[in-house]
Amino acid sequence: MAQSNMQTVANEVPIETGVERKDRRTLAEMLTRIVASSHVLYGKVRGVHWNVVGPNFYSLHKMTEEQYEDLHTANDDMAERIRAIGFAAPTGLSTMIKNSVVSDETELLSTDQMVRELIEDHEKMAKLLREGVTEADSVDDPKTADMLTERIGVHEEAAWMLRATLS
């Protein structure tokens, strides 16, 4: 997201937490990419949950329910982190899709294809989150770094569990 598009709250009260405004803006831009990607992934996981068929139906249906519930909570936490550091959280599906490393799904795939895409998407999220941790560490923002570090493990575990269903 271009810096000129990153909005702050109207009549913002100055934030003096030890992280410079320009660095908080950079973090907000990274967090916007992460929230957007996580939001698109949330939609894809819901689609798998609703459309999975076959012998692994029950386990995949339950697993994807756990994943989308987790993503919902994580999205809220990360969007609120953007707000806490002084910037507006992303809104609208077009904004989410435009800023996402996860591609939107536009057609119904086979169960195996859907699972393979989710594996790739969780891996993309882990990689993006690592970039976010590096960015947060570089400006001495341990709160954001810790939040994103925790999410890396969640996505790596989700990819592993999905991968195990294909074996």
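1. In this predicted model, His61 has a relative accessibility of 22% and therefore counts as partly exposed, the threshold for a buried residue being under 20%. His61 is placed in helix H2, and, once residues up to four places away in sequence are set aside, His61 touches His49 and Val52. The C-alpha atom of His61 is separated by 9.5 Å from that of Arg46, the two residues being 15 apart along the chain.

2. The pairing of helix H1 with helix H2 can be read next. These two helices pack at an angle of about 160 degrees, and their axes are 9 Å apart; because of that angle, H1 is roughly antiparallel to H2, the range for that description being over 145 degrees. The crossing of H1 and H2 is left-handed, and the residues that make up the contact of H1 with H2 fall into 13 nonpolar, nine polar and three charged.

3. Helix H1, which covers residues 21–51, also packs against helix H4, which covers residues 111–138, at an angle of about 165 degrees and with 10 Å between the axes. H1 and H4 are therefore roughly antiparallel to each other, and their crossing is left-handed. On the H1 side the contact includes Thr26, Leu27, Met30, Arg33, Ile34 and Leu41, while on the H4 side the residues involved include Met114, Glu117, Leu118, Asp121, His122 and Leu129. By class, the residues in the contact of H1 with H4 are 12 nonpolar, six polar and six charged.

4. For helices H4 and H5, the axes come within 8 Å and cross at roughly 160 degrees, an arrangement that makes H4 roughly antiparallel to H5. H4 passes H5 in a left-handed crossing, and the contact of H4 with H5 is made up, by class, of 15 nonpolar, six polar and eight charged residues.

5. Which residues have the most contacts inside the largest nonpolar core? They are Ile34, Leu41, Met78, Leu148 and Leu162, in a core that has 43 residues. At least two residues of this core come from each of H1, H2 (57–84), H4 and H5 (142–166), and H1 gives the most, with 12 residues. Two of the residues named here, Ile34 and Leu41, also belong to the H1 side of the contact with H4.

6. Leu162 deserves a separate remark, being among the residues with the most contacts inside that core. When neighbours within four places in sequence are left aside, Leu162 is in contact with Leu60, Met63, Gln67, Val115, Leu118, Ile119 and His122. Of these, Leu118 and His122 also take part in the contact of H1 with H4.

7. Two arginines of helix H5 may be set side by side. Arg151 lies in H5 and, at 8% relative accessibility, counts as buried; not counting residues up to four places away in sequence, Arg151 touches Asp70, Leu71, Ala74, Met78 and Leu129. Arg163 is also placed in H5, but at 37% relative accessibility Arg163 counts as partly exposed. With neighbours within four places in sequence left aside, Arg163 is in contact with Ile119 and Glu123, and the C-alpha atoms of Arg163 and Ser59, 104 residues apart along the chain, are separated by 13 Å.

8. The phi of Asp140 is near 60 degrees, a positive value in a residue other than glycine. Asp140 has its place in the loop between H4 and H5, and with a relative accessibility of 63% Asp140 counts as exposed, the category that begins over 50%.

Methods:
Residues numbered from 1 in each chain as written. Predicted model: local features only at pLDDT ≥ 70, side-chain atom pairs only at ≥ 80, totals over all residues. Heavy atoms only, no water. Axes fitted to C-alpha atoms, helices over the stretch in contact; angles between N-to-C directions. Helix = DSSP H or I, 4+ residues; strand = E, 2+ residues; numbered from the N terminus. Parallel < 35°, antiparallel > 145°, perpendicular 65-115°, else oblique. Left-handed = near helix turned anticlockwise from the far one by under 90°. Contact = heavy atoms within 4.5 Å. Nonpolar A, V, L, I, M, F, W, Y, C, P; charged D, E, K, R; others polar. Core = buried A, V, L, I, M, F, W, Y, C linked by side-chain atoms within 4.5 Å. Buried < 20%, exposed > 50% of the residue type's maximum accessible area, 1.4 Å probe, protein only.
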